[in-house]
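These are my notebook entries on a structure that is new to me. I set down what I looked up, entry by entry.

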Amino acid sequence: MAEDFLQKFALTGKVAWVTGASYGLGLAYAKAFAAVGAKIVFNDINQELVDRGMKAYEEAGIKAYGKVCDVTNEEQVTAFVKEVEENVGTIDILVNNAGIIKRIPMVEMSKKDWDQVISVDLTGPFVCSKAVLPSMMKKGSGKIINACSMMSEFGRETVSAYAAAKGGLKMLTRNICSEYGQYNIQCNAIGPGYIATPQTAPLRERQADGSMNPFDRFIRSKTPAQRWGHTEDLMGLAVFLASSASDFINGQVIYIDGGISAYIGQDPSNLDESKFAAEAEEKI
Ligand code: NAP
Ligand code: GCO
């Protein structure tokens, strides 16, 4: 009975495509999927990153299929999906993970930078989802997981384009659910809080005098757990949302933020800095 129940969380034989998964959160999602039986497919923006990813998968004993493909380029994405279907199989699970951020005050941000962030973070998930939906509809099942953010709900200085894209991605999640739920396709999103990856490294860098970065102090004071998240904090939900155990969950954004979105926060000056070593960087 327990074994039967656990089978609901297995991804045995499923083809999982994680975009931008050479390192960072994408690599961690893919490793978690592989651990429960999925075949891994990934893309990244250049050959150097794909090689880095292939090496990381090999080291982890995972046979992954990785190619260069820009998620904003519809022709490349269509060709990539066709190749995957021919070489690996039809895609059962898509994680729209590839994303970029540009931290620039809005009045100083060029339209080119704005367009680039919207294009990767919002148009990319549209293009990739559009490419996998027809075969999911034909099969009568499919899972799409979008990479939302605290910025799907909150604003903050310097991240206007990122917040606009991630807010839009929340609504794209609901719309894919609304339009394709009838085909037994579930589209949900993971909303990570502040996770210690290379993307957030600049926010944790120590000051020249060795003291804590003010943003690090700010995040810890806003987080009941008083720590940054780690990739492993996200993996249980990723596997759950990719598996049949979540078949009646659709159109939701689930936040993994150590409680940030439930808490008004405390005065940062009350934090005892001596308690905190520099948050260990994820080695991925
Ligand atoms: P990351 O380390 O920057 O990884 C994203 C990957 O996507 C990189 O390999 C990146 O390449 C690639 N990429 C960029 N543009 C692409 C394109 N046009 N086509 C294909 N691949 C492209 O990010 P992460 O920190 O692991 O985060 C993964 C996702 O979670 C992102 O969507 C991010 O916004 C979201 N997220 C992260 C956090 C966090 O705390 N880390 C929190 C909330 C949400 P380059 O290295 O060349 O850019
Ligand atoms: C920032 C951060 C965030 C996080 C994450 C929060 O500058 O505020 O980079 O955008 O990466 O998305 O959920």
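Entry 1, terms. I take a pocket to be an open set of grid points with protein on both sides within 12 Å along at least five of seven lines. I say that a molecule sits in a pocket if more than half of its atoms lie within 2 Å of the grid points. I also record at the outset that this is a predicted model.

I looked up the secondary structure and found 9 helices and 7 strands in the protein chain. The C-alpha atoms occupy a box of roughly 55 × 50 × 40 Å along the principal axes. I then checked the radius of gyration: the chain has 19 Å, which agrees with a compact globule, because such a globule of 284 residues would have a value near 19 Å.

I asked where ligand 1 lies, and the space it takes is the largest pocket. The elements that each give two or more residues to its shell are α2 (24-35), β2 (39-44) and α6 (160-180). I counted 26 residues around ligand 1, with Y23, L25, N97, Y162 and T197 the closest. By class, this shell holds 14 nonpolar, 9 polar and 3 charged residues.

Which atoms of ligand 1 face D44 and T197? For D44, a side-chain N or O atom is 2.8 Å from an oxygen atom of the ligand. For T197, a side-chain N or O atom is 2.8 Å from a nitrogen atom of the ligand. I also noted Q199, where a polar side-chain atom lies 3.4 Å from an oxygen atom of ligand 1. On its own ligand 1 exposes 880 Å², and the protein buries 90% of that area.

A polar side-chain atom of R156 lies 2.6 Å from an oxygen atom of ligand 2. The side chain of S149 places an N or O atom 2.7 Å from a ligand oxygen. At P192 I found a polar backbone atom 2.7 Å from an oxygen atom of ligand 2.

Definitions and conventions: Residues are numbered from 1 along each chain as its sequence is written. Chains are lettered from A and ligands numbered from 1 in the order in which they are written. This is a predicted model: local features need pLDDT of at least 70, side-chain atom pairs count only at pLDDT 80 or more; totals for chains, interfaces and linings use all residues. Side-chain values use heavy atoms; hydrogens and water are left out. A polar contact is a pair of N or O atoms within 3.5 Å; within protein, one must be able to donate a hydrogen and the other to accept it, and residues adjacent in sequence count only if both atoms are side-chain atoms. A residue is near a molecule or strand if one of its heavy atoms lies within 4 Å of it. Accessible areas come from the Shrake-Rupley method with a 1.4 Å probe; for residues, only the protein chains shown count as cover. On a 1 Å grid over the protein atoms alone, a cavity is a set of points where a 1.4 Å probe fits but cannot get out, and a pocket is an open set with protein on both sides within 12 Å along at least five of seven lines; lining residues have an atom within 4 Å of a point. Helices (H or I, at least four residues) and strands (E, at least two) are DSSP runs, numbered from the N terminus. Ala, Val, Leu, Ile, Met, Phe, Trp, Tyr, Cys and Pro count as nonpolar, Asp, Glu, Lys and Arg as charged, and the others, Gly among them, as polar. The radius of gyration is taken over C-alpha atoms; the globule rule is 2.2 Å times the number of residues to the power 0.38.
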